[in-house]
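User: Can you walk me through the aromatic rings in this one? I'm new to this, so please spell out the terms.

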Amino acid sequence: MQTYRLFQQLKASSLNENSSVCPPNATICNGTSCVLPEDNFNKILNTVLSTVLTILLAMVMFSMGCNVVLKNFLSHIKRPWGIFVGFLCQFGIMPLTGFVLSLAFDVLPIQAVVVLIMGCCPGGTASNIIAYWVDGDMDLSISMTTCSTLLAMGMMPLCLFLYTKMWTAADSIVLPYDSIGISLVALVVPVSFGMYVNHKWPHKAKLILKIGSIAGAILIVLIAVVAGILYKGSWIISPKLWIIGTIFPAAGYSLGFLLARIAGLAWNRCRTVALETGMQNTQLCTTIVQLSFTPEQLELMFTFPLLYSIFQIAFALIILAGYRVYKRCQDKAKTDDVTTEEEAKSKSSSSHGAINGGFVSNETK
């Protein structure tokens, strides 16, 4: 009875926070937030697109593997300082940041839980694609994503137990270990094939990498568009979650970069760690939320993983654009320096020639 009353209070609080009206065909609607019923079109679209996106993602990760050198990859495993820094960021900074944001904005308990679930998720594969475009350490990026996904089997239950117990019972959250395992296999298998191709046919691997990096950029945009189509009826949520969804990934990128720099990592590895920290496996978060909560609870939290996904991509693209501008300025400065040196040498040789040209030998007099 006490749990029921608490839920009714949460529902009433949600009513006060929102003023929009749901569509008339919503399955869950209190005049504030809604979840539209799944029609046949959505089911078919979801199945088809999930299959296509899975195949595309495997191909992209195969191409990313073509940029990984087995020797360098194993060196990160043997001397895992970079991986350890990434581990601290992934399962230290992100859950703590989610906890602080939930307290700071005083969100509803059920909303705080979804923020914390997102913070406890391992890194997503999109970070590998962006890391390539910002000239990051691909060997470190792949090894960090692999290790964080593997360690999530134990670290996610531990982090959720520590951070969510003030809002909900830890055993009420269902962790889909099969989904984590599938994510791990979907990452390791294509990357392993890519590493083999890079070892046997390095010239072909470079061509595959260029094609795959472009396909990866398209895939990131496609996933965002598809998610918007499939979940178009679940966008009316608390403004506080919008703010957290904006701050959370930005904080992950910034704090990840800062910790990596304090740890003494090279600049390209700092960029890699930052991306691995801020980019979370939002698909896994969505799966956990759907398995763990009732439809009535989902109306208050369901869209947050999608919201986080959009903002993490948006900030990643801003980072990419900023790096490209910086790199272009650096290249231009180097070109100007080389040109200045060449001009100086040219002037020096010209003046030397002029002096020699004015010399008259005594033999010719």
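**Aromatic rings, turn by turn**

User: How far apart are Phe304 and Tyr308 in helix α14, in helical turns?

Analyst: Helix α14 covers residues 304-357; helices here are DSSP runs (H or I, at least four residues; strands are E, at least two), numbered from the N terminus. Phe304 and Tyr308 sit four residues apart in helix α14, so the separation is about one helical turn.

User: What should I know about the model and the numbering?

Analyst: This is a predicted model, where local features need pLDDT of at least 70 and side-chain atom pairs count only at pLDDT 80 or more, while totals for chains, interfaces and linings use all residues. Side-chain values use heavy atoms, leaving out hydrogens and water, and residues are numbered from 1 along each chain as its sequence is written.

User: How many aromatic pairs does a search of the whole structure find?

Analyst: Rings of Phe, Tyr and Trp (its six-membered ring) pair if their centres lie within 6.5 Å; planes under 30 degrees apart are stacked, over 60 edge-to-face, and the rest tilted. Searching the whole structure gives eight.

User: Is Phe91 buried or exposed?

Analyst: Buried means under 20% relative accessible area, exposed over 50%, and partly exposed in between (1.4 Å probe, protein chains only). Phe87 has 26%, so Phe87 is partly exposed. Phe91 has 7%, so Phe91 is buried.
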